[in-house]
Structure formats: structure tokens, C-alpha cells
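Work through the exercises below with the sequence and the 3D structure open. Each task is followed by a solution in steps.

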Amino acid sequence: MQLNSRKKRLWCMKMEFGYGTGSGDSSGDERDASDYRTRAYYRHTPEQIQFLEAYFKDCTHPNESQRLQLSRELRLSSPQIRFWFQNKRTQMKTQSQRTDNTILHAENERMQFENNAMREALKNLNCPSCRSTSLSEERLKLLWENLILKEEHERRSVILAKYVGKPVSEIKLDDLPVCGSSSDSSTIGLPAMQGEENSFFILSPSTSNSNDLKEFSYIEKKVMADAATIALDELARLLHMNEPLWIKSTTDESYHLRREYYEKIFPVAAYFKRSTTRVDASKEITVVPMEGTALVDMLLDADKWAAAFPSIITKAKTIKVLDAGNTESRSGSLQLMYGELHTISPLVPAREIFFLRHCLELEQGLWVIVDVSYDCPIEMQQFFSANSLAWRLPSGCMIQSLADGNSKITWVEHMQVDDKGQTHKLFRDVVCSNIAYGAGRWLATLRRTCERMLRTEGTVPQLDHGGVICSAEGRKNIIYLADRMMKEFFINLKMSDKLDFPQLSDINGSGVRISIRIATDPGTPNGTIVAASTSLWIPLSPDALFTFFTDPDERAKWDVLANWHPMDEIGHISTGCHLWNCISLLRPFAQNEPPWAILQETVKDEWGAMMVYAPVELAVLNIAIGGGGSDFVAILPSGITISGDGHPKAGPGSGSDSGLGSVGMSGTTKENGSLLTLAQQILVSPSTTTNNLNVESVAMVDGLITSTVERIRGALYSSGLV
């Protein structure tokens, strides 16, 4: 009876929205419980179904206007369109759940079988000498380790037999060729595949001397290839799956991973075992103005990769190209790489990663590039940090070439980190909320880089607002000089050799970080350079704070280089779609103008902003503008970085403007604002030794940055911004 009632209600709903096909003169009294069985249901034509299926691939949730358009084109009612899409989504969800359940069920049965087998094996263990079944805990531990070693031996034996071509029992020592020198009979390897060498070498990130090459075995190379293949399979699934594995943010287009679903689908192996360990995972999609092949080439070249992300990557090196892949599409490429990541402030610890990068072209114009951490070899540990705070789980991107010359990129960042103890409390919310190293920051930086290349390489017409940069060669020199300035600024912002001087000043609890180095490289003033940095919280939104710093009239109030005079822009080169992304040449608007100008680049996106600048002598700057080259121009950059504070907003309109607070990681109510990092560098001595460095020099630099912070606070207060 319940089933008949349910069918009757369903029939009535379909008749109400036009699903029935009876004659139009039937009265309402004739629609009884038996009549719905005899009436025919409306069935969509094959053409309608084909059209709806194609539309569903692009849009799974059409809005009201889209449904009306479909109803007109297909001659169906709007409710019919809505019900079809609802049924289709339910069908897809059911199929996905059925597939996931099958996989999980098989994995569960396998684990139960292995668990039962191990339990039975432990029950039947006995002491070889006395045949007693009562073994000590230490003896059981040794037997367990022996069982694990046997399994590992069997696994490696299978790999060995696979690539030698015969069972392990039939392999003789003479069957294995000798790697390296023919006189060295102690080194045994496996035969190389066609077109490959028997062994490969790794080079430390800090040197390029051929004497420092270290050798890996051929089997290790195949293990790396297997690890990269498994990681690429996991990344492909992470890229294609959305809810419930990924939760879309309510404030932007980013996605955040649900760990409970991830652990049901993928095998989980914790690299860090400490209680402070956490997992950062995020996904984001965007379109960048660059062809897919150019992007793939950029990501597979360590130097180009670092140049594309100057505000994130401070060091990058390709240790070894294990497989060059296809020469045109780069499909099949496999590399062993090293990278050091750092951003925003010296108070945020850098992340060192030693990883495999694998590229595969799924179809023409569609690539997947995966990164996965790999254990640092013993030979490399003298060059690689033993206290690495990060382990890169399968991460990377999918690049799809579009017909208009752009590329659609889906980016996934997935990393296990243990940096809570080394991250300053001022930046913990920023780091833990994926503002510092999330997929959104990587894609925003890549989009800016592509826009910059599009404009600075001459494909987009440029207007020099100041009229100073007249030639194309001069414009090229200024852009190259700005690139070098930005790179130097972010490398020095890490301040790995920092010294803390809390006794000198303590700004907002973060103190002043001092870094001392001897500079002898070309392009940098030679001598002893002291760099100082401090970070503080400002109760102002990042947009408003960036507008304040880029105002030429406000700059006279805080920048010591302006000397209380407003700045006049004498040169301008656009580097992005927005006016604030540009390279500028500035001079103080004063009666006695100094013999130098300021080279400055400003950058802003949805994840933060930065302004980097350096004084340059007019004489050498004029040579560069005239096309004489810029390699000889010495620059010493300073600058600021601005980011959100990472505090979750309490609701719509929350923030410093509305006066509403928010709850931070510690559970206390926090007001939304910005985190400002100020970094300055000064040449304190032309000497290349630290003998002439004294406490007075350090105190002078500390006093300079402290007074600059006080000027900034005073200018913000006098302008009524805080």
C-alpha cells in the first residue's frame, strides 16, 4: 500500500508539470489511483537527451535563465529541465559513490586478509632452540623486523628479475654489468634500457663542480619512476574530484580538502610523527595568458620555474634529469629537483623540499605535472637541511591549452609540515590558512608573471608616462634591472643568517631582525651590508594600506629617501592588467634634487601586495636608459610586503572598517587587519671583512628601521586611516 501511494504521488507530480501524455478532455475525477498505471510517461527524444548531456558537461547547475533558454530550444517545460538535471546529478553521485565503495571494500578485504595472516604467523612463532611458544617481547620484535625484511627482499627480487629478464635464483654475478670504471669490480649495477646509461648522478644544490657528483644505482632510478607514477595517479584524481572530497570556499574560488574523505580513498603515510604536524591542502582554478607548451617548458626548467615565482622560490635546482621525455610535448619527463620556498616575512620559516617532478601529456594540449617529495639520499644530506619542515605530498597542476592562446590551470598544493614552533605567532594564522603557501598564491603569482611577460616582451603596446625611457633597448634594460632587484629582495628577505636584537627595539612583539653579509657579487655594492627587517600588525585592510604606500604625497611622510618631499614619477612601465602593477622611476620633487633616482616595482593581487625599491645613481641609470646595458648597475633593494592577517572574518562586512572582530587560532577575538613587513638594507662599510663592523653600525640600522615604523604610524594617524 505504501508503494502504491508513493507511485500515485509521483504520477500526480509528473502530470502537474507536463510529464503525462493523456488527452486534454479528461476530467479531474477520472484521475484516480488506477488511471496513472494506464497513462504513458513522457520520454525525452534522443536529440533532447544528447543536447542535455552535452550541456551537463559544461554546467551541472543551470540557473533560471539558462533553464528557460533550454526549455525554448528543446520545447520542454522549465520544471522538466530542472528535474532532468536533478536526476542526472543524483545518477552521477550514485555512480561515484558506488565506485568509491567498491574500491574501499576491496581495500578493506585486502587489509583484513593481511592482518589475519600476520596474526596467525605470530601465533605459530616459536623459539628455534627450545621450540617454546612463549617468546620475549624483544624476540617478538626481532622476528617481526625479520618478517618485514623478508617482504622487502621479495619485493626487490621481483624488481631485479623484471629488469634482468630471469628469476633471481638463476642470476649470476657475471650477468650484472659493472657500472663506472671497468677496473672497479666492486660496483654492481643493472643493464640499462635502450638509450639510457647504466647509472645516473646527482649534483648538490650548492655547487656545480663535477667532482661533487654522487652516483645512484639503476634500481633507485626505477623506484623513483614508480613513485612518480603513483603520485601522478593520485594527483589526477585530486584534480578531477570535487565535493565531497573538496569543499569550495564561500568567499572565493578556492577549495579545501576534507581529510576524512581523503584518508578513505588514498593510502596515508605520515612523514612527520610529531603532535605539532599538520597537513596543508588547497586547490584553485584560473586562466593565464600563456600557451600551454610555454607553461610546461617553464615548470620543467628550474631557472625559469624560480623566475616565474620570485616571491615564493628563493632557490631551485634540477639535480638530475632522469627522463627527458618527448622533445616537443615534454610528455614522460622525470626530474629530481631541489627547491627552497619562502614568502612574506623572515618570521615565516622557509621550506626546503627535495622532490620528483613528472610530466605527462594526457591528450593533445592537456598536461599533468606532479611533484612528490623523495627521501634525501645519504650522499646529499651534507647539502640538504636535515631539519626540513615540509614533506610534499602529491601536488602539482593540470594545464589545458585554450583556443584563444590562453591556458586553464587547476593547481593543487598538498604538503605535510611541522613548522608551528618556528613560525612567529603574528603569522601563524596566515601560514595555517593557506595564505602563505596555498594554491591561490601560486596561481596569482603565475598569472602576474604571465601578464608581465606579455607586456614587457613587446607583444602589448606600451606607454611611457614620464617620457624618460624613449628606446626599446632602454626599456628592456630597466625591466631587467627591476627583475634583478625583485630577486635580490626576496632572497635576502629570508634572512637565514639573521641575528635577533630584542634589546635594541621591540616593535609589536616581533622585534627587529638583523642580517649581516659580505657582498662581492657584481650588481651589488661591494662591502659589508646590514639588512634589518620587522613585521607588525596594522588595523587596516591590505588594499587601503597599499594605497597609502603608493600615494606620492604620503610617501614624503615616511620614506627617509624622500626627505619630506613628495615623489615625482619620471618613468613608468606597465607590467600587468592593473595600473598598480608597474615599474617606476621616481625622484624627490625638491629644489636641490639629489644625484640619484629610485627604481621601484609595485605588485598587487588578491593575496597581498609588495613594493620594492632601490636608489640608483643618475649617471649609471642614464647609461642604462640609453641602451648601454644594466649588468654593471649596483642595486641594494629595500621594500615592504603586505598580506591579510589570516583571521577568519566574523561575517559579511567584518574587518577594521566595520569594527567587527573575529576569532583567531588561539580562540580570542581578533580584529581584521593587515600584516606589514618592512625590510631595509644599508652598506655600512666598503670593506669586505667584518672587522670594522661594530655595535654602533647595527644600532644605526636598527634606529633607521625603528624611526621608519614610527613615521608610518604617524602618517597613518595623521591621515585618519587608523
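**Exercise 1. Aromatic rings**

Task: Classify F548 by its relative accessibility, then describe its pairing with F549.

Solution. F548 has 3% relative accessibility and counts as buried, where buried means under 20% relative accessible area, exposed over 50%, and partly exposed in between (1.4 Å probe, protein chains only). F549, at 1% relative accessibility, is buried as well.

Before going on, note the basis of these values. The model is predicted: local features need pLDDT of at least 70, side-chain atom pairs count only at pLDDT 80 or more, and totals for chains, interfaces and linings use all residues. Residues are numbered from 1 along each chain as its sequence is written, and side-chain values use heavy atoms, with hydrogens and water left out.

Next, the geometry. A pair of aromatic rings is described by the distance of the centres and the angle of the planes. Rings of Phe, Tyr and Trp (its six-membered ring) pair if their centres lie within 6.5 Å; planes under 30 degrees apart are stacked, over 60 edge-to-face, and the rest tilted. The centres of F548 and F549 are 5.2 Å apart with 70° between the planes, so the pair is edge-to-face. The count by this rule is twelve aromatic pairs. Elsewhere, ring pairs join Y55, F56, W84 and F85 into a cluster.

**Exercise 2. Cysteines**

Task: How many disulfides does the structure hold, and is C397 buried or exposed?

Solution. A disulfide is a pair of cysteine sulfur atoms within 2.5 Å. The structure holds zero disulfides. For C397, the nearest cysteine sulfur belongs to C359 and is 8.6 Å away. C397 has a relative accessible area of 2% and is buried. C432, by contrast, is partly exposed at 31%.

**Exercise 3. A helix length check**

Solution. Helices (H or I, at least four residues) and strands (E, at least two) are DSSP runs, numbered from the N terminus. Just after α13, M495 takes a positive phi of about 50°.

**Exercise 4. The largest pocket**

Task: Which element gives the largest share of the lining of the largest pocket?

Solution. On a 1 Å grid over the protein atoms alone, a pocket is an open set of points with protein on both sides within 12 Å along at least five of seven lines, a cavity is a set where a 1.4 Å probe fits but cannot get out, and lining residues have an atom within 4 Å of a point. The largest pocket holds about 2000 Å³. It is lined by 46 residues, and T60, H240, M241, N242 and E243 are the closest to its centre. The largest share, 14 residues, comes from α5.

**Exercise 5. The enclosed spaces**

Task: How many cavities of 30 Å³ or more are there, and where does C397 come in?

Solution. There are four such cavities. The largest has a volume of about 130 Å³, and I344, R441, A609, M610 and I642 are the closest to its centre of the 16 lining residues. Helix α12 gives the largest share of that lining, four residues. The second largest cavity has a volume of about 80 Å³. C397 is one of its lining residues, which also include R357, D371, W411 and E413.

Conventions:
Grid points are joined across faces, edges and corners, and a volume is the space filled by probe spheres set on the points.
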